[in-house]
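The structure comes first, then the points.

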Amino acid sequence: AGIPDFRTPGTGLYDNLQKYELPNPTAIFDIRFFKQNPKPFFTLAKELYPGKFAPTASHYFIKLLEKKSLLLRHFTQNIDTLERVAGIGDEKIVEAHGAFHK
């Protein structure tokens with residue numbers, strides 16, 4: 001879908017946060033840092049906000065499994081809501097790290 005992962009050297013999110021001038025890459029998700037300076041988090045969240053990316057063939061494959069009554073649950077660590085955009089039902093999705101829609 002074009003959304004960067006967090007840890008891949010060179011292309012991962014944590015490797016590309018220099019513009020935020022953070023004390024360390026994970027500070028962008030640290031509540032103590034957020035309380036001192038919320039701007040980096042909100043700027044990043046705006047860049048990653050749903051609507052800028054489209055579901056992949058894999059998302060639609062999971063939807064097909066649901067349509068054929070072969071999907072019991074769909075577990076995801078992603079917060080991008082692309083499963084919902086693909087049409088997978090709320091009752092089937094378990095979002096381990098939350099999501100933008102909640």
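In this predicted model, Glu21 is found in the segment before H1. With a relative accessibility of 70%, over the 50% cut-off, Glu21 counts as exposed.

**Positive phi values**
- Most residues other than glycine have a negative phi.
- Glu21 is not a glycine, yet its phi is positive, at about 50°.
- Ser69, also a residue other than glycine, has a positive phi near 60°.
- Ser69 sits in the loop between helix H3 (57-67) and strand E1 (74-76).
- Its relative accessible area is 67%, so Ser69 is exposed.

**Aromatic pairs**
- A pair of aromatic rings is described by the distance of the centres and the angle of the planes.
- With ring centres within 6.5 Å as the criterion, there are seven aromatic pairs.
- One of them is Phe29 with Phe41: the centres are 6.3 Å apart and the planes are at 80°, so this pair is edge-to-face.
- Phe29 belongs to the segment before helix H1 (31-36) and Phe41 to helix H2 (residues 39-48); the two are 12 residues apart, and the pair links distant parts of the chain.
- Phe29 is partly exposed at 41% relative accessibility, and Phe41 is partly exposed at 28%.
- Phe41 also pairs with Phe34: here the centres are 5.7 Å apart and the planes at 85°, so the pair is edge-to-face.
- Phe34 is partly exposed, with a relative accessibility of 26%.

**Aromatic cluster**
- Phe29, Phe34 and Phe41 are among the members of one aromatic cluster, which also includes Phe6, Tyr14 and Phe42.

Conventions:
Residues numbered from 1 in each chain as written. Predicted model: local features only at pLDDT ≥ 70, side-chain atom pairs only at ≥ 80, totals over all residues. Heavy atoms only, no water. Phe/Tyr/Trp six-rings, centres within 6.5 Å; stacked < 30°, edge-to-face > 60°. Helix = DSSP H or I, 4+ residues; strand = E, 2+ residues; numbered from the N terminus. Buried < 20%, exposed > 50% of the residue type's maximum accessible area, 1.4 Å probe, protein only.
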